[in-house]
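Good morning, colleagues. Please look at the model first.

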Amino acid sequence: MSEKIIDVRNVSKWYGSFRVLTDVNLTVEKGERIVICGPSGSGKSTLIRCFNRLEAHQEGDIVVNGIPLHDKMRNVAEVRKNVGMVFQHFNLFPHMTVLMNCMVGPMWIKGVSQAEARKTALQFLERVRIPEQADKFPVQLSGGQQQRVAIARSLCMQPAVMLFDEPTSALDPEMVSEVLDTMTSLARDGMTMVCVTHEMAFARAVADRVIFMNAGQIVEQGKPDDFFSNPQHERTKLFLSQILKH
Amino acid sequence: MLYPDTVESEVLVHKPWFVGVMFAAIFALFLAFDLSGTLLGELMRPVIGEPLESGIYGRFAIAFVIAALFCLNVVLIGFASLRVQITIVWLELLLLFLAFFKTFNLSLPFMAEKLPFLVTQGLFTTIYVSAISIVIASAIAILGAVAKLSTNGFAYAIASFYTSFFRGLPLLMQVYLIYLGLPQLGFVIDAVPAGILALSLCYGAYMTEIFRSGIQSIDRGQWEASRSIGFGFGITMRKIILPQALPVIIPPTGNQFISMLKDSSLVSVIGVWELMFLARTLGQKSFQHMEMLISAAMLYWVVSICLELIQSRIERHYARSKIR
Ligand SMILES: Nc1ncnc2c1ncn2[C@@H]1O[C@H](COP(=O)(O)OP(=O)(O)OP(=O)(O)O)[C@@H](O)[C@H]1O
Ligand SMILES: [Mg+2]
């Protein structure tokens, strides 16, 4: 019996009168790796930002790790503790060293002692293979290194699920692979992950399921092999032909 | 620092055309004045003879010497390192300034005699009134900024009314309003607390805008990262946003503090014995206005310089994370 980490039922969201998400249904089970792709503006970011309520949905239910997400502040805080998020532009805290970036979450939220937070932080910086940068400030690191620190910062909270919103699309090509390697090794260790990405090779290699979104709807989903070799919808075929052309 | 482009490497003051223009300008300027009656004319006596009879030749010679000395000075300073340049120029300007004051024929013993009282009573009051006020003003400013950025209608309305009112009225009027107006409502208030209240409210309004723009200058992504880790509003504000906004907030806040230091002289109208008040009363007694006013001016300036130094230290502290 597998455990549902994220359960999205009939979710719709509007920006003013513009409907960004239309009746989205999706479940993510423990240990599952999901890749979401789709054309720009199709609502991918909006969807995963609803999972930790950086955006509020207007209709339907979202249950994360057994906790229903709604207006109650307590629930939201509880969910955020258990959901790590990695952003396109890293969003590290520039006024803190790399080590502090990783320590503050556990210290200020879980009340972990400084010594212990430090130990955890170093352990996860080791995990993303940049322990030697611990005492630098974020600006002194390359983009790829910054993104790996951002991953370590999320991991320090020991989340039940990690959300990635185009983690490699702000990076130079030679830095993309170091971040993808880190993500791949996370996946191998059984982390539950939801990644918005256009790195199709990564999707093929690690995803359990690929989800294609268009105009706020989930149009098609399937195992990567089926999805890439035998797409059903015209829109998916068009998207794949464009993205795989190069 | 401005962006130092490496293409333009030659020092400006070592370019012949620049030195030429500078020389011509100074020369023309001093040719317009007749300085032969002053100390300069006296010093030039060996060259121009009796200064007062030297006529156009005397003027010409004096202007030439001044322009030549000036250019030589500038060119020489151009060779020094940045720090030395800054120090020398500061000292020279200070010297000129003192020479200007010397022309007032001030009574130094009188100044020396009154100085201790001016410092212990006047300056002390000025500094503690300003210091307390800036602390209260900063607290008001943080609250005001948060209120002005919030989506709460009440908070926004109150904060914007407050900033509009206190930025819109002359400070002098606010001092009177608080000192004379509050007792009408039944709160009798002493001069010093009234002064502090007026300064805090007035500067709190200006600083609300400074803090608001500082907070707004921080990227949305910082909020999102902080909130997505699970930090609440308070921690996000105190530990993530404000520390990053401080480098933006500190220079204008330092400005406000220095300005408040001098505006605190306005509370003398309600009888607070601060620096300006004492300077005026002490000077009036013995008709030595200039002595006391200049002493007070110097004291204000010295304290302002101290504040500038403190401010640059703090700025350097916050620049750490920006160094690549
Ligand atoms: N704050 C907002 N207000 C109004 N409309 C918005 C807002 N944020 C996003 N949108 C709109 O919602 C739609 C979905 O945006 P979203 O960022 O989720 O797309 P996306 O699939 O992540 O695209 P991309 O691949 O470019 O990141 C877009 O059409 C966008 O213009
Ligand atoms: Mg997006």
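**Salt bridges, the contact and a helix**

In this predicted model, B:Glu209 and B:Lys148 form a salt bridge, with their closest N and O atoms 2.7 Å apart. This pair links distant parts of the chain: B:Glu209 lies in helix 9 (residues 191-216) of chain B and B:Lys148 in helix 6 (residues 108-149) of chain B, 61 residues apart. Are these two residues buried or exposed? Both B:Glu209 and B:Lys148 are buried.

Let me set two other pairs beside that one. In chain A, A:Glu234 forms a salt bridge with A:Lys237, the closest N and O atoms being 3.6 Å apart. The two residues are separated by about one helical turn, because they stand three residues apart in helix 9 (residues 234-244) of chain A. In an α-helix there are 3.6 residues a turn, so residues three or four places apart point the same way. A:Glu234 is exposed, at 59% relative accessible area, while A:Lys237 is partly exposed, at 36%. In chain B, the side chains of B:Glu113 and B:Lys114 meet in a salt bridge at 3.8 Å, N to O; B:Glu113 is exposed, with a relative accessibility of 53%. Over all chains, the search finds 16 salt bridges.

I turn now to the contact between the chains. How much area do chain A and chain B bury between them? The figure is about 2000 Å², of which 63% is on carbon and sulfur atoms. In chain A, the residues that lose the most area to chain B are A:Phe93, A:His95 and A:Trp108, together 29% of what that side buries. Chain A gives 24 residues to the contact and chain B gives 22 residues.

Between the two chains the count is one salt bridge. A:Arg49 forms a salt bridge with B:Glu224, with the closest N and O atoms 2.7 Å apart. Salt bridges that share partners join A:Arg49, A:Glu55, B:Arg220 and B:Glu224 into one network. There are also four residue pairs in polar contact between the chains. On the side of chain A that touches chain B, helix 3 of chain A supplies the largest share, four residues. By class, that side has 15 nonpolar, five polar and four charged residues.

Finally, helix 4 (residues 55-79) of chain B has 25 residues and reaches 37 Å from its first C-alpha to its last, close to the 36 Å expected. Its buried residues include B:Gly58, B:Ile66, B:Cys71 and B:Ile77. The buried residues of this helix pack against helix 1, helix 2, helix 3 and helix 5 of chain B.

Technical notes
Residues are numbered from 1 along each chain as its sequence is written. Chains are lettered from A and ligands numbered from 1 in the order in which they are written. This is a predicted model: local features need pLDDT of at least 70, side-chain atom pairs count only at pLDDT 80 or more; totals for chains, interfaces and linings use all residues. Side-chain values use heavy atoms; hydrogens and water are left out. The expected span of a helix is 1.5 Å times one less than its number of residues. Buried means under 20% relative accessible area, exposed over 50%, partly exposed in between (1.4 Å probe, protein chains only). Contact means heavy atoms within 4.5 Å. Buried area is the accessible area (1.4 Å probe) that two parts lose on being put together, summed over both. A salt bridge is a side-chain nitrogen of Lys or Arg within 4 Å of a carboxyl oxygen of Asp or Glu. A polar contact is a pair of N or O atoms within 3.5 Å; within protein, one must be able to donate a hydrogen and the other to accept it, and residues adjacent in sequence count only if both atoms are side-chain atoms. Ala, Val, Leu, Ile, Met, Phe, Trp, Tyr, Cys and Pro count as nonpolar, Asp, Glu, Lys and Arg as charged, and the others, Gly among them, as polar.
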